[in-house]
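Subject: Structure for you to look at

Hello,

Here is the structure I said I would pass on. My notes on it follow below.

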Amino acid sequence: MTTTPTSSGTAEAGNDDLLSVAMLTLGCARNEVDSEELAGRLAADGFRLVADAADADTVVVNTCGFVEAAKKDSVDALLEASDLKQSGKARAVVAVGCLAERYGKDLAETLPEADAVLGFDDYPDIAARLRSIVAGDTHHPHTPQDRRLLLPISPVDRSAPEVAPRQRLESGPLAPLKLASGCDRRCTFCAIPTFRGSFVSRRPSDVLAEARWLAGEGVRELFLVSENSTSYGKDLGDLRLLETLLPELSTIDGIERVRVSYLQPAETRPGLIEAIATTPGVVPYFDLSFQHASATVLRRMRRFGDPESFLGLLEKVRSLAPEAGVRSNVIVGFPGETEEDLQILCDFLEAARMDVTGVFGYSDEDGTEAESFTDKLDEDEVWARAQHVTALVEELNAQRAEERLHEDVVVLVESIEADGTVEGRAAHQGPEVDGTTRLDSAGATLRLGDLVPAKVVGTDGVDLVASVTGDPR
């Protein structure tokens, strides 16, 4: 049964007799959606949601298990939350999310500060689980398994899991909206499919229903998230489903912007480029996961491409939308990467003129194919290469920002400080990682969620400064 998101449970928020719970979220926007779905289940089942973990009976930490730094951040958050059992009112600290799913009983054994480690299969009964844990019952964590094996091999035989009622934990004008879960690709450096499972698209009707609910909650920009948005619809029998869904999302009353995240370059077809670049209400923003540019390294990653094909893709994008935003991530120091491979990557980055590029030094991930590769670079060499490429992209991204001087932009206002500083994002800037635009409002009265026409007058790295040129809407 499809459940339309709802704020059920909020009417009871003032009842101090209810068990209170705080959600702490780490990691990506997909985790933010998971936290809001968990919050919706808990609110509907009689829990009182609180923003401050110090005021909560139960602290639920939605962890990230993507790379080593993210794992450390998640463990640190669990340890900090456990301190509240001595200094605050917390009676239980519970780990959920990717780290909890990925390591299960092993995490529970190595981190006794957490009262319980819950996997994805515990989510439907999250309220009962938390009540039991607060009551002092022992929860026996799961033994991790490859979640790709839990679904039928044939995509058409898969069915999306039931989506919980969702309750917003943030009140800003942007919200992530999940298109799909899991991934069918077998990149040698990535463990995500093993704990997130194979790729499963949500039905368009469910996505549209949640989008309308978010619009009713005051959201003006939808951020479509998944592990691979270019695959959306393939398991529903229509690989071009995203191209037909985007116009429907962009015409929902109240929604002014639709943004698509995480595009796989090898799957980014001409029709999808055109839909993103030219559909009114869809921002021309291309989050392209290149990962490298050397064909040799990409093959070892079980990915496809080379500088010529990637630059050709960017040329198609800019022929349709010259001011399009482009971001990517790259991995430096992958096993077997030569100095020639590194130079190919650097030459590509110079030619690509991307707005933002994230740089990651390679490190082994548990259970991945690359973990078994023998021709690994020394850690100091990986670090040195990562530092070199980071310095390069910082310069290149700053240059790209300077190219936007005098460009007309429309800025979504996301924060207004007490001193009057107004900050938001232009269409080419995605949330959290792509820089921001500070508005010189020149006395204009602006509100959170306003879309403000402006002209870029200055830069600071990837961040912009813009002067208001018209009335907000």
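In these notes, contact means heavy atoms within 4.5 Å. The model is a predicted one, so please read what follows with that in mind.

Two helices first. By that contact rule, Lys71, Ser74 and Val75 in helix H2 meet Leu99, Arg102 and Tyr103 in helix H3. H2 covers residues 68–87 and H3 covers residues 98–110, and their axes come within 11 Å of each other, crossing at roughly 85°. Angles from 65 to 115 degrees count as roughly perpendicular, and H2 and H3 are therefore roughly perpendicular to each other.

Next, the nonpolar cores. In soluble globular proteins, nonpolar side chains tend to be buried together. The largest nonpolar core here has 65 residues, and the members that touch the most others are Leu222, Leu224, Leu246, Leu249, Phe286 and Leu349. For Phe286, with neighbours within four places in sequence left aside, the contacts are Leu263, Ile273, Ile276, Ala277, Val317, Ala324, Gly325, Val326 and Arg327. Another core, of 24 residues, lies apart from the largest one; its members include Ala39, Tyr123, Ile126 and Ile133.

Now the aromatic rings. The structure holds six aromatic pairs, and I describe two of them here. In the pair of Phe290 and Phe348, the ring centres are 5.2 Å apart and the planes stand at 80°, so the pair is edge-to-face. Phe290 sits in the loop between strand S11 (285–287) and helix H9 (295–300), while Phe348 belongs to helix H11 (residues 339–352), so this pair ties together parts that are 58 residues apart in sequence. Phe290 has a relative accessible area of 1% and is buried; Phe348, at 2%, is buried too.

The other pair is Phe334 with Tyr362. Their ring centres are 5.3 Å apart and their planes are at 80°, so this pair is also edge-to-face. Phe334 is in the loop between strand S12 (325–332) and H11, and Tyr362 is in the loop between strand S13 (356–361) and helix H12 (379–403), so the parts tied together are 28 residues apart in sequence. Phe334 and Tyr362 are both buried. Going back to Phe290 and Phe348, they form one aromatic cluster together with Phe310.

Last, three arginines in loops. Arg302 lies between H9 and helix H10 (307–320). Its phi is near 60°, a positive value in a residue other than glycine. Arg302 has 43% relative accessibility and counts as partly exposed. Arg353, in the loop between H11 and S13, likewise has a positive phi without being glycine, with a value near 55°. The relative accessible area of Arg353 is 34%, which makes this residue partly exposed.

Where is Arg404 found? The loop between H12 and strand S14 (408–416) holds Arg404. Is Arg404 buried or exposed? Buried means under 20% relative accessible area, and Arg404 has 1%, so Arg404 is buried. Neighbours within four places in sequence aside, Arg404 is in contact with Glu323, Ala324, Gly325, Asp355, His428 and Val456. Ala324 and Gly325 are also among the contacts of Phe286.

Regards

Conventions. Residues are numbered from 1 along each chain as its sequence is written. This is a predicted model: local features need pLDDT of at least 70, side-chain atom pairs count only at pLDDT 80 or more; totals for chains, interfaces and linings use all residues. Side-chain values use heavy atoms; hydrogens and water are left out. Axes are lines fitted to C-alpha atoms, for helices over the stretch in contact, and angles run from 0 to 180 degrees between N-to-C directions. Helices (H or I, at least four residues) and strands (E, at least two) are DSSP runs, numbered from the N terminus. Angles under 35 degrees count as roughly parallel, over 145 as roughly antiparallel, 65 to 115 as roughly perpendicular and the rest as oblique. A nonpolar core is a set of buried Ala, Val, Leu, Ile, Met, Phe, Trp, Tyr and Cys residues joined through side-chain atoms within 4.5 Å. Buried means under 20% relative accessible area, exposed over 50%, partly exposed in between (1.4 Å probe, protein chains only). Rings of Phe, Tyr and Trp (its six-membered ring) pair if their centres lie within 6.5 Å; planes under 30 degrees apart count as stacked, over 60 as edge-to-face and the rest as tilted.
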